[in-house]
Every structure is written in structure tokens, then in C-alpha cells.
Amino acid sequence: GNIVIVGESRQADDRALTGQTSGRVPVYRIVTPAGMQVKGYAAVSATAEGGNVSRNGVAVTANGFAIRWQRDGIGTTVRLFDNAGNPTTTNLELAVLTGHPEANGGGDGGGSGISGNGKDAYVLVGDYAGTTVWVTVLNADGTVRWSRDAADDKVLSSFGGTSAAIDESGQVVVVFSAKPEITLQQGVMGRRFDAAGNAVGGTFYVSENEVPNLAAPLFASNNPKVAWRNGSVAITWLSRNYIDPGLQGYPVIA
């Protein structure tokens, strides 16, 4: 029931936590539900590079948590900790860990991120080079379970956010906003994978009301987020196609 809080410090004084000479400092802290400190304010990184932590920067398993950030000059990086906040790995650069440069996408996490299944695995997703959405599953010890292109059956461009969720058995669902080959607007799509990383069907449109129609072009939809628990998947996104024009651009959920 403890709470891990993750952020980025923009205070120059906090650079002493890592020894870096410039940049922002990813930091974390753990407290109990009553606000009692478990782990004091500390730097995420094991080295002196700065970096950015944005939305979706932390995820949990049964015996620990992982923090994802964009490391200056390096790219997407993950570090694992036990439930007391002690590091259990060094900095893990995703591109090196997986052998896929595409795994380094996602920037500061604002349009990507990391999720855990509360048991034994983490899933990370992000867009890469404006053409690919890449998903990686890590075991709780930081080893790679699988890493692949999430939409290799589509030609995509211009991403507007990605998200992924993983259930206790290791199944994954990925959602993303992008321009497919048949439309000029971003639309929200998804794909499901089994625990071994095999696709369960093809890429699909999340909303039957937002399937591209060249005869009546849709407005853009973007910023999807997904969660998966107890056999149910919930997806929310920002839609500009809602029937009430006064509510276009507000979140919808499926």
C-alpha cells in the first residue's frame, strides 16, 4: 500500500544527487498512505546524466517498481527498485537491452510510458521515427521477455500518443493514435498480444464511430490511454468527433 512518487527536479542544487553538471534530475520518494516516509528524496539515475521524467514514468510489480525516463544523450532508460526503494539494477538503456533501436522511442514519456501488471512484468511503448509504434515487455528482474513492432500490418505516420497495458498472465494491449495510409487524420487504433508477444489478430480501430471514411472525413482523435485488470480493458482518448460540438476534444472511454 505504499506510494512511490516520481518526478523531475529543475533545481540546480539537486544535480549534486548524481554529480551531473547540467540538466534536470529525475527523482523519486516513497511514503506510506499516512504520509510517513519510507524512502527519502533520491535521484533515479545511477550515473551523472540528466533527463526528463514526464507522465507515465513509473510502474509496479509484486516486489518492486520501475522508473522510465529520457536520459540526456542516451534515450529511453529504465531502472528497477525493490519495494523499499533500493535500486536492483543500474540504468538500462532500452535500445541496448532489447537490441532494437526502435525501443528507444517515446521521448520524455508524455505520449508513451510504462505500466506494470502488479505481478511480474512491465510493458513499455512509444513511437519511433514517426513511422513505428514499438512495444517491449520486461520481466521484473529487468530481462527482456519480448520486444516488437506493435503495428507491423499498417503503414503509419504522425503519432499522437501511445499507451500499453499488461495483465497478470502477461497478455498485452497496445493503443496509439496515428495517421494510417487511408486517412489524413490521426485516429485511435489498438492491437492485442499474447504472453509470448504473438499478435492476437490485426490492428483495429478502437471506436466503430471513428473508422476512417474518405467520403466523410473525421476529425483527429489522439492521446489514448489504456488499462487492463480482471479481464476487462478500458481505453480513453481525446476525440473531436463527439456528436455535441461543444464537447469535441473532451475524453471519451470505451
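Me: Which strand does S9 lie in?
Reply: In this predicted model, S9 lies in strand β1, which covers residues 3-9.

Me: Why is S9 called buried?
Reply: Its relative accessible area is 5%. Buried means under 20%. The value of 5% falls under that cut-off, so S9 counts as buried.

Me: What makes the pair S9 and D14 a polar contact?
Reply: The side chains of S9 and D14 are joined at 2.7 Å. The cut-off for a pair of N or O atoms is within 3.5 Å. The S9 and D14 pair meets that limit, so it is a polar contact.

Me: Which residues does S9 touch, not counting those up to four places away in sequence?
Reply: S9 touches D14, R24, V25, V27 and Y41. To touch here is to have heavy atoms within 4.5 Å.

Me: How many helices and strands does the chain have?
Reply: The chain has one helix and 20 strands.

Me: Why is the chain called as compact as a globular protein of its length?
Reply: Its radius of gyration is 19 Å. The globule rule gives 18 Å for 254 residues. The two values are close, so the chain is as compact as a globular protein of that length.

Me: What share of the residues counts as buried?
Reply: Of the 254 residues, 47% do. S9, at 5%, is one of the buried residues.

Me: How many charged side chains are there, and where do the two sets lie?
Reply: There are 19 positive and 22 negative side chains. The centres of the two sets lie 4 Å apart.

How values were computed:
Residues are numbered from 1 along each chain as its sequence is written. This is a predicted model: local features need pLDDT of at least 70, side-chain atom pairs count only at pLDDT 80 or more; totals for chains, interfaces and linings use all residues. Side-chain values use heavy atoms; hydrogens and water are left out. Helices (H or I, at least four residues) and strands (E, at least two) are DSSP runs, numbered from the N terminus. The radius of gyration is taken over C-alpha atoms; the globule rule is 2.2 Å times the number of residues to the power 0.38. Buried means under 20% relative accessible area, exposed over 50%, partly exposed in between (1.4 Å probe, protein chains only). Lys and Arg count as positive and Asp and Glu as negative; His and the chain ends are not counted. The place of a charge is taken as NZ of Lys, CZ of Arg, CG of Asp or CD of Glu. A polar contact is a pair of N or O atoms within 3.5 Å; within protein, one must be able to donate a hydrogen and the other to accept it, and residues adjacent in sequence count only if both atoms are side-chain atoms.
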